[in-house]
Amino acid sequence: MGAEDIGSMQSSPALNVGLPIALVIIMLGLGLSLKLEDFTRILSRPKPVLVGIVCQAAILPAFCLVLVYLSDLPPAIAVGMMLLAASPGATSATLYTHLARGDVALSITFAAVTSVLVLVSLPIVANVSLLLFYGETETVSIGIDHILQIFALAVVPAMIGMFVHSRYPAMARRLDRPVKALATFFLAAIVIFALVSHWGLVLAWGPVIGATALVFNLVSFAVGYLAPLALGVERRQAIALAMSIGIHNAALVITLALSQYMLNNPEMAIPPALYGVIAYITGGAFVWMLNRRATASDLAPR
């Protein structure tokens, strides 16, 4: 199954309409949990956020580049992996942070900051990756119109959610759970549709892509947790960074890959789709491991 056989994915209303709706709902849900104090925290204690940004924006893309070269993946799949490496953390990382007894406020703040930074980083990674893996001298340009589109889909809904939280906190608390549930439903339905529609491609490349995504996921968790600890970041904050860095925003990458206004290449959506499933499983295992370690430490004799 080649790219010509899966090009029809881009014309599907379920994807062209469903993906932006899912992203808007996800970012709106993020905004409902945000407060102004979450941003002022960055100015007073910026070290954990800066360490996390270095891990996510520099260390992981560099590792991913080596990994995809060693894995000998098709160009579209390699570009999809690189976009995934440069993507911000998923909003669900906050839930995992809470379950692992991490710093939830830092998780929310880090997600907000990286979601804004991605407006610059993702176009750069997209163009460099296309040049490296396709050898194109004229790369696909994600111009100001595309950046504004991402802004409209991601940042504006988060700001609206934040406004609702500040003015109507009781309403924000009531909306928080149903909005997140609806976002999860949208994303799950779209990912399932994409995989079922191109099952032949998944069967052909699933084992290789899945193995590559798993390795990258485990390294993402390790870098996100161990590097901050090594640099003096406290454990609760390291947990938050590990979850935010290990659970990438697959929805954003899928949107970028499939949108007819952006990269317009369905194959690039396969790595984030597989990664999204893997990250939720390994994230749960990481939560269990951290909680077991914390319990053992609490029970240890003083």
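**View 1. Helices α8 and α12 pack at an angle of about 40°.** In this predicted model, the axes of α8 and α12 lie 8 Å apart. At that angle α8 is oblique to α12, because angles under 35 degrees are what count as roughly parallel. The crossing of α8 past α12 is right-handed. To find the contact on the α8 side, look for Leu106, Ser107 and Phe110. Their partners on α12 are Gln237, Ala240, Leu241, Ser244 and Ile245. Sorted by class, the contact of α8 with α12 holds five nonpolar and three polar residues, with no charged ones.

**View 2. Helix α5 meets helix α12.** Here α5 spans residues 47–71 and α12 spans residues 235–246. Their axes come within 10 Å of each other and cross at roughly 30°, so α5 and α12 are roughly parallel. As you follow α5 past α12, the crossing is right-handed. From α5 come Pro48, Gly52, Cys55, Gln56 and Leu60, and they meet Gln237, Leu241, Ser244 and Ile245 in α12. This contact of α5 with α12 has five nonpolar residues, four polar ones and no charged ones. A handy reminder for reading such helix faces: an α-helix has 3.6 residues a turn, so residues three or four places apart point the same way.

**View 3. Helix α5 crosses helix α8 at roughly 30°.** The two axes come within 11 Å, and the crossing angle makes α5 roughly parallel to α8. This crossing, of α5 and α8, is right-handed. On α5, the contact is made by Pro48, Val49, Gly52, Ile53, Gln56, Leu65, Val68 and Tyr69. On α8, you will find Leu106, Phe110, Val113, Thr114, Leu117, Leu132 and Phe133. By class, the contact of α5 with α8 consists of 12 nonpolar and three polar residues, and no charged residue takes part.

**View 4. Helix α8 bends at valine 118.** Take a walk along α8, which covers residues 104–134. At valine 118 the helix bends by about 50°. Among the α8 residues that contact α5 are Val113, Thr114 and Leu117, along with Leu132 and Phe133.

**View 5. The two ends of helix α8 come into focus here, with aspartate 103 at one and glycine 135 at the other.** Aspartate 103 caps the N-terminal end of α8. One of its side-chain oxygens lies 3.1 Å from the backbone nitrogen of leucine 106. After α8 comes glycine 135, with a positive phi near 70°.

How values were computed: Residues are numbered from 1 along each chain as its sequence is written. This is a predicted model: local features need pLDDT of at least 70, side-chain atom pairs count only at pLDDT 80 or more; totals for chains, interfaces and linings use all residues. Side-chain values use heavy atoms; hydrogens and water are left out. The bend at a residue is the angle between axes fitted to the seven residues ending there and the seven starting there. Helices (H or I, at least four residues) and strands (E, at least two) are DSSP runs, numbered from the N terminus. A polar contact is a pair of N or O atoms within 3.5 Å; within protein, one must be able to donate a hydrogen and the other to accept it, and residues adjacent in sequence count only if both atoms are side-chain atoms. Axes are lines fitted to C-alpha atoms, for helices over the stretch in contact, and angles run from 0 to 180 degrees between N-to-C directions. Angles under 35 degrees count as roughly parallel, over 145 as roughly antiparallel, 65 to 115 as roughly perpendicular and the rest as oblique. A crossing is left-handed if the near helix is turned anticlockwise from the far one by less than a right angle, and right-handed if clockwise. Contact means heavy atoms within 4.5 Å. Ala, Val, Leu, Ile, Met, Phe, Trp, Tyr, Cys and Pro count as nonpolar, Asp, Glu, Lys and Arg as charged, and the others, Gly among them, as polar.
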